[in-house]
Amino acid sequence: MKKKVAVFAGGWSFEYVKEVLSGIEKVAKEENIDVFAFVNYSLRWDSQAQCEAEFNIFTLPDLNDFDGIIILGNSMNLEMETEYFKEKLKTVKCPVVSVEYEFENVPSIFTDNYAGMRELVEHIVTEHGVREILFIGGPEEHVESAERLRAVKEVAQENGFCVPEENIKYGDWGMASAMEHVSAWLKEYGKLPEAIVCANDVMAFGVANSLAEMGYHVPEDVIITGYDCLTQTREFHPILASVSHEWGSMGGKAIRMLLDGMQGKKLQSVLLNTRFIPNESCGCCEEKENPHQGENFFKLRDSIVLDSHFRSIYLYIRKNETKEQLSDSLATLFEREHDIEGENFMLCLDSEFFHIEEGDANLRTRGYSEELAVVGALKDGQKQPHKMMKTEDTVFYLAKGKETSGLYMYVPMYSDSKTYGYAVLTGDLEIIHNNRLYIWTRHMNQYLEQVRRNIMIADLTERLTNLSVMDTLTGVYNRAGCERIAYPMLQEWKDKGGLGVIFLVDIDKMKNINDQSGHANGDLALRTVASVLRTEMPRDWVVSRFGGDEFLVGGRVVDGEIDIEGICQAIQDRLAKEVEKRGINFHLTVSVGGVPIRPEDEFDIEKYLQLADESMYRMKDKHHKIMEEEM
């Protein structure tokens, strides 16, 4: 049996996550292991509701259902996420490996932040004669940034100069803070340092762009270096000198460690080397045409294809208002085009998604319901029928029965704080790197909001329609409802060769009830009779208040002949029990008459009503005589 490995990651560290997953996937294919990657896009500055909705995807699986777990804690942006795993891992029985984040009693894989930065600084000092460095780091308390800074200081000291405190700036890993530091430096000193060493590539990009706008040139006017060796460093002009983590190797190492743990071996934390890669921004390579410039056309083409795909999704589901419609639309579309979703795809929605109850009050804000509706599913490119499944079974649904390994990416579906469900995609890992996975989730969430609006509009329309055809006192159809619903239903059933029936039910001596017991009791009589008819008749039969104190009941007869007299007696018997149960202290009986509607008869509703009325009045005459004798 194939082993199952779960991976948990924050998607905003897109290249890091993609590269680590690539390393994991490579080994998983060699060892025939299924990988289930749970990815969210939470941010610290998002609303609490949105953060919890994103976090939800981590709570979907039972961690003890896996043979091994890999946590990319360094990619997570919320304290609630790492705190969740700190608690959950206390009860997990399978081996766990953490990547670049330390959990208690969990073996970790770290990269040597010191060695790579030391190699970088030694290079610009010895090869390019740098003696003045401006260091722009991450947050001051950040451990990785502090290690990189330590390397800068120690190499400087070993080479006879220092990096004073005023040359050390702290940022938030983003472009804006780095650009502000450079502007402030120029304003204070009026010239650039010999080198600006940034603690990550993103800040280096921001610095280089800012200086280019001011008319400065890299590396002629200043050397700029980064850290992380993102793909963009090779697309940037000049190509950025940076430090590579070898993230793919980290992913491969993580799953290899899990395999050792599955065999009972004791796992120890490891430290992997980083590697400095010199390039144009430090002056090591001759300027040449950017080798990635030709990719612009393909990126434009891919953007057009992506936009076209989203338009297709929208056009297919924009008018959907039921589970069946949504399932059929998505399955049909994705069977035809699924480059992003992959040949194995699934969208799971909470069953309450398809019901409207005081807006979104019926939807969950945390966790998932016990059952989910599987909609728009593909297996090996073939659409699957929609179905209700236990939530725990949906997690492994796509992998079940497959002989070869697969990588399944799980993302949350929600609106604001309300959980819709989740989606599983199996497309190429590039969808993480180029942020297509994030874009896909945002578009799909918006489209699902549209479906919810459709459901709400349909629900409101139905309620408005019901107001025009319902009797507000008794809760059954009124005369208009009878004509719009009961008659057409009986006509259709007869035309299909079925047997139908009509009953007329009239309250005996209704005027006496109103005159002697009051109109409040008259209303009680009407509601009681309506309640009896709804419960005594089959669920698909129509009950309507035909007149003041008269009701019409109509429906189809599925099996055999209709027992008119038996049903008439059953109604009266049930009413007698209800009168006793409710403690009604006035005389309340009904007269009932019925007539069958046979397929061979001509459909003449007036004739049927006349026959049912005559039958009902024969019973009423008997009831009135009995009541008069008792007085």
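Helices (H or I, at least four residues) and strands (E, at least two) are DSSP runs, numbered from the N terminus. The model is predicted, so local features need pLDDT of at least 70 and side-chain atom pairs count only at pLDDT 80 or more, while totals for chains, interfaces and linings use all residues. Residues are numbered from 1 along each chain as its sequence is written, and side-chain values use heavy atoms, with hydrogens and water left out.

**Helix H17**

- H17 runs over residues 519–536, and its 18 residues should span 26 Å at 1.5 Å a residue, which agrees with end C-alpha atoms that are 26 Å apart. The expected span is 1.5 Å times one less than the number of residues.
- Gly-522, Ala-525, Leu-526, Thr-528, Val-529, Ala-530, Ser-531, Val-532 and Leu-533 are the buried residues of H17. Buried means under 20% relative accessible area, exposed means over 50%, and partly exposed lies in between (1.4 Å probe, protein chains only).

**The sheet beside it**

- Strands of a sheet pair through backbone hydrogen bonds, either parallel or antiparallel.
- Four strands form an open sheet in the order S20-S21-S19-S22, and their pairing is antiparallel. Two strands count as paired if DSSP finds at least two bridges between them.
- S20 and S22 are the edge strands, each pairing on one side only.
- On average, neighbouring strands in this sheet are turned by 15° against each other, direction ignored. Axes are lines fitted to C-alpha atoms, for helices over the stretch in contact, and angles run from 0 to 180 degrees between N-to-C directions.
- Eight bridges join S19 and S22 in the antiparallel sense. Val-595 in S22 is the bridge partner of Ile-502, and Ser-591 in S22 stands opposite Asp-506.
- Eight of the eight residues of S22 are buried, so this strand is largely enclosed by the rest of the structure. One side of S22 carries Val-590, Val-592, Gly-594 and Pro-596, the other carries Ser-591, Gly-593, Val-595 and Ile-597, and all of them are buried.
- Helix H15 (residues 479–495) lies across S19, S20, S21 and S22, and runs at about 25° to S21. H18 also packs on the sheet, where it touches S19 and S22, and its direction makes about 150° with that of S22.

**Helix H6 and its aromatic pair**

- H6 (residues 175–189) holds both Trp-185 and Tyr-189, which are four residues apart and so separated by about one helical turn.
- The ring centres of Trp-185 and Tyr-189 are 4.4 Å apart with planes at 45°, so the pair is tilted. Rings of Phe, Tyr and Trp (its six-membered ring) pair if their centres lie within 6.5 Å; planes under 30 degrees apart count as stacked, over 60 as edge-to-face and the rest as tilted.
- Trp-185 is buried, with a relative accessible area of 4%, whereas Tyr-189 counts as partly exposed at 37%.
- The buried residues of H6 pack against strand S6 (133–137), strand S7 (168–170), strand S8 (195–198) and helix H7 (201–213).
- Just after H6, Gly-190 has a positive phi of about 75°.

- The whole structure contains 29 aromatic pairs. In one of them, Phe-66 and Phe-396 have ring centres 5.4 Å apart and planes at 65°, so the pair is edge-to-face.
- Phe-66 lies in the loop between helix H2 (48–59) and strand S3 (68–71), and Phe-396 in the loop between helix H12 (391–394) and strand S17 (407–415), so the pair ties together parts that are 330 residues apart in sequence.
- Ile-356 sits in the loop between strand S13 (345–350) and strand S14 (371–379), and at 14% relative accessibility Ile-356 counts as buried.
- The C-alpha atoms of Ile-356 and Ile-457 are separated by 9.7 Å, although these residues are 101 residues apart along the chain.

**Nonpolar cores**

- The largest nonpolar core has 112 residues, of which Ile-70, Ile-124, Ile-196, Ile-224, Ile-313 and Trp-440 touch the most other members. Such a core is a set of buried Ala, Val, Leu, Ile, Met, Phe, Trp, Tyr and Cys residues joined through side-chain atoms within 4.5 Å.
- Apart from this core lies another of 37 residues, among them Val-106, Met-346, Tyr-397 and Tyr-422.

Conventions: Contact means heavy atoms within 4.5 Å.
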